[in-house]
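Notebook, one sitting. I went through the model from the whole chain down to single residues and wrote down what I looked up.

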Amino acid sequence: CIAKEEAELIVKARGIGLSTDMGCFANYNMRMHPGSTVLMTSSNQAKLSSLFTDKFKFTYDNYIPEFIPPIKRINQTSKNVYIRSEVKFKKEDGTDGFGESEIYCLETADNDKSASAFSGKGCIAGYYDEIYLHPRRNLLLRSSSSCFIEQATGKVVAFLLAGGTCEDTLSNEELAMLQMLIQDVQRNKTLGTIPANLLFIPATWGKFMTNGHTDFKKAEEWHAKEIERLGKLEDQSNLRAFRMNNPLSLDDIFDLSSGGMFSDTVSEKIKVRLNQVIQQEIPQAKYDVVEMKEQFEVVPNKKGKIT
């Protein structure tokens, strides 16, 4: 994506380790590109603190001593962290040079002003963790687009990595909005106004390892058994949560059964009516739900998927 001058939007299963990767990448940028600036944020204050302390700072503290760039300045508040380090490098003539690298780890979720915290900042890279859970992700992406695109030419000049898991805690309305965001990247290759690529990482990746390689067969068998077990429960919310947190495809997140097509209110009405039909023992028939311009219609179909 960096070579293609594109941002990378990742949809992944829970537990893949994307936050850890972001902490490592930020350290790499700081150390290997003296004088660079990196932007980091997450969906709320707790996750942002974890991103800085458990991912970025943990990686920094565990460098080999000779490799650690000294921190010249650190400003840390209850919400934000700024770090400036002095990085030594060799110039072309063989003499030592020094560059001041910066890390901005800023809270962007509380209000509209904080969501625009990166506006006007230049950078070499930005890492937006848990983007799907971010309550102001559209404003964050829109206000920070100038950090990654040269406005005069439209050329991408910095790398943005954004991603996370579409958790089951998201409402159906929120899922519908996320589906549009992801489809924009799929179809139009843009994340907001930034050229972007979509990467989907299924739940089978990295779940079971053999000699450092993913055992996809074992992971698929585990996934199938969990689906079968949870499918037998009266409360289907557990099945929905498992599929969303451990998707094998985008359909596990956005298909009709997960409710992404309907609002929470409509879904609840469907559940109530379904219970009424079951109690009244009304003869069952097969239907399809067909999108007709700005509404959905139920059409009889003997081979339909909906009863």
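**Whole chain**

I began with the secondary structure, and the protein chain has 10 helices and 15 strands. Helices (H or I, at least four residues) and strands (E, at least two) are DSSP runs, numbered from the N terminus. I note that this is a predicted model, in which local features need pLDDT of at least 70, side-chain atom pairs count only at pLDDT 80 or more, and totals for chains, interfaces and linings use all residues. Residues are numbered from 1 along each chain as its sequence is written, and side-chain values use heavy atoms, with hydrogens and water left out.

I then looked up burial: of the 307 residues in the protein chain, 39% are buried. Buried means under 20% relative accessible area, exposed over 50%, and partly exposed in between (1.4 Å probe, protein chains only).

**H1 and H2**

I turned to helix H1 (residues 18-32) and helix H2 (residues 45-61), whose axes come within 8 Å and cross at roughly 45°. Axes are lines fitted to C-alpha atoms, for helices over the stretch in contact, and angles run from 0 to 180 degrees between N-to-C directions. H1 and H2 are therefore oblique to each other. The scheme counts angles under 35 degrees as roughly parallel, over 145 as roughly antiparallel, 65 to 115 as roughly perpendicular and the rest as oblique.

The crossing of H1 and H2 is right-handed. A crossing is right-handed if the near helix is turned clockwise from the far one by less than a right angle, and left-handed if anticlockwise.

Which residues meet between H1 and H2? From H1 I listed Ser 19, Thr 20, Met 22, Gly 23, Cys 24, Ala 26, Asn 27 and Met 30; from H2, Leu 51, Lys 55, Phe 56, Thr 59 and Tyr 60. By class, this contact of H1 with H2 has seven nonpolar, five polar and one charged residues. Ala, Val, Leu, Ile, Met, Phe, Trp, Tyr, Cys and Pro count as nonpolar, Asp, Glu, Lys and Arg as charged, and the others, Gly among them, as polar.

**H7 and H8**

Next I took helix H7 (residues 216-231) and helix H8 (residues 237-245), with axes that come within 8 Å and cross at roughly 160°. H7 and H8 are therefore roughly antiparallel to each other. Their crossing is left-handed.

On the H7 side I found Trp 222, His 223, Glu 226, Ile 227, Leu 230 and Gly 231, which meet Asn 238, Leu 239, Phe 242 and Arg 243 of H8. The residues of this contact of H7 with H8 divide into five nonpolar, three polar and two charged.

**Inside H8**

Which residues of H8 are buried? They are Leu 239, Ala 241, Phe 242, Arg 243, Met 244 and Asn 245. Their cover includes helix H6 (172-188), H7 and helix H9 (251-254).

Leu 239 counts as buried because its relative accessibility is 14%. Leaving aside neighbours within four places in sequence, I find Leu 239 in contact with Ile 227, Leu 230 and Gly 231. Ala 241 is buried as well, with a relative accessible area of 16%. C-alpha to C-alpha, Ala 241 is 10.0 Å from Leu 230, 11 residues apart in sequence.

**Loop residues**

Thr 204 sits in the loop between strand S11 (194-201) and strand S12. Thr 204 is buried, at 6% relative accessible area. Not counting residues up to four places away in sequence, Thr 204 touches Thr 214, Phe 216, Ala 219, Glu 220 and Leu 248.

I also checked phi. Lys 189 is not a glycine, yet has a positive phi of about 60°. Lys 189 lies in the loop between H6 and strand S10 (190-191), and is partly exposed at 33%. Asn 211, also other than glycine, has a positive phi near 55°. Asn 211 is in the loop between strand S12 (209-210) and strand S13 (213-214), and is exposed, with a relative accessible area of 76%.

Key. Contact = heavy atoms within 4.5 Å.
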